[in-house]
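Here are my notes on the model, point by point. Please read them with the structure open.

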Amino acid sequence: MSSSADVAGQVFLKPKRAQPFFGRHPWVFAGAVDRLEGVPDDGAVVDLRSHVGNFVARGLFNAQSKIRVRLYSWDEAVPLDRDFFKTRLQRAIDLRHSVLKLNPAADAAYRVVFSEADVLSGLIVDRYGDWATVQFNSVGMAARQQMIGELLTELLGVKGVYRRTEKGIPKLEGFTLLDGSVCGEPPPAELVVSESGLKFAVNLTEGQKTGYYLDQRDNRAAVAKFCAGKRVLDAFSYSGGFGVYAAAAGATEVECVDASEAAIMLGMRNAELNGLTQLAFVKNDVFNHLDELVKAGRKFDVLVLDPPKFARDQHSLPQALRGYRRLVQQGLKLLDRDGILVKCCCTGLISMQDLEDLIAQTAIDEKRDFQLLTRRGAAADHPVSVTCREGAYLKCIIGRAG
Ligand code: SAH
């Protein structure tokens, strides 16, 4: 009887195309593939071979995706079976628990598995106290969801594992998947987690992303240091992450702006959970709101711009850059002399260098000096694999505008 770990096919690369995969890049695009031997189902195990037939790596096949094979092991002796995935998950968990020490509290929230960065391409796992949320972003991982749910329950001791789907992914990968329980109990409508001694309400079934923006944890703490006694604007605030940190650090006034009603409600709940009264929440489009604030002559000391991803492909990049430039331009107008600008960007196609250039140009146009204080990325539970740096999507620049 064949098992899901058996090698179901051999994928041969075109001549001279093997180097990136010997170099452990995990995505084999269709254009690099010369031929296929065998008839693997989507999600089945295949071996990747050079044009002359040398073993390169072992991965999971998908005829529907531009990423024809995702690679997981470079050792021919290792089957991609339950033990393999258990070991990989354990290694990811060890990083968060033993190295980063992210789980001291029962209500801790952190990313447990970050896809390519944990050599588990297509799998994202976040932990929120007694629950885990899972995103299956490849057909190979989706096909193994029961096994992964069971392993996570065993290794993390959670009460339940809940599946979230990211918009657009099922189409790219050619499968349908709905949000729902993978195993154990479904999560409660509101779960309260702690971060840096603060409390945040998270809705795992309805909230954005998997419920909360865990990637900004360290950036929120870094920004809080500048906020005591200051007037703070948190633009694109979602559940009020930056604003709550700022208020707790002693900001005199904090205005949080988001276009989503649900986000505003969550932000208000978080202010209440932390007993903070100096926060105001405004439901508005940030572009309009910044224009209104500029027109009204308002000034702030600290300004956070944390917009969603503006571009998914090269085609939409110029418009995305115009959007970012507009935000920085209006932001600089709102910042008092020597105010702190926090500019975040989660568009993977825009590099740190691009972002610095954009800020530099805008500061020149606005006749402001700008000192780069720190250049930051995502928190360390969102590591970046050196062989797949596409994972370094989040940039956060903190600077002072003279
Ligand atoms: N800073 C947040 C995360 C922000 S995510 C944190 O630390 O948790 C981006 C947010 O921008 C989302 O909440 C989304 O609702 C909001 N958003 C997207 N487009 C917007 C727009 N044009 N105006 C206002 N908010 C917008």
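**Notes on the model**

1. Asp-301 forms a salt bridge with Arg-231, and their closest N and O atoms are 2.8 Å apart. A salt bridge here is a side-chain nitrogen of Lys or Arg within 4 Å of a carboxyl oxygen of Asp or Glu. The pair links distant parts of the chain, 70 residues apart. Asp-301 sits in strand β17 (residues 300-305) and Arg-231 in strand β14 (residues 231-235). Helices (H or I, at least four residues) and strands (E, at least two) are DSSP runs, numbered from the N terminus. The salt-bridge count comes to 23 by this rule.

2. A word on the basis. This is a predicted model, in which local features need pLDDT of at least 70 and side-chain atom pairs count only at pLDDT 80 or more, while totals for chains, interfaces and linings use all residues. Residues are numbered from 1 along each chain as its sequence is written, and side-chain values use heavy atoms, with hydrogens and water left out.

3. The domain assignment gives domain 1 (9-73), domain 2 (82-184) and domain 3 (213-401). Such bounds come from an automatic or database domain assignment. The C-alpha centres of domain 2 and domain 3 lie 28 Å apart. Their contact (heavy atoms within 4.5 Å) takes 13 residues from domain 2 and 12 residues from domain 3.

4. Domain 2 and domain 3 bury about 960 Å² between them, with 67% of it on carbon and sulfur atoms. Buried area is the accessible area (1.4 Å probe) that two parts lose on being put together, summed over both. In domain 2, Arg-111, Phe-114 and Ala-117 lose the most area to domain 3. Together they make up 41% of what that side buries.

5. How many salt bridges are there between domain 2 and domain 3? The count is 0. The rule does find 3 residue pairs in polar contact across this interface, both residues at pLDDT 80 or more. A polar contact is a pair of N or O atoms within 3.5 Å; within protein, one must be able to donate a hydrogen and the other to accept it, and residues adjacent in sequence count only if both atoms are side-chain atoms.

6. Now the ligand. A polar side-chain atom of Asp-306 lies 2.7 Å from a nitrogen atom of the ligand. A backbone N or O atom of Val-286 is 2.8 Å from a ligand nitrogen atom.
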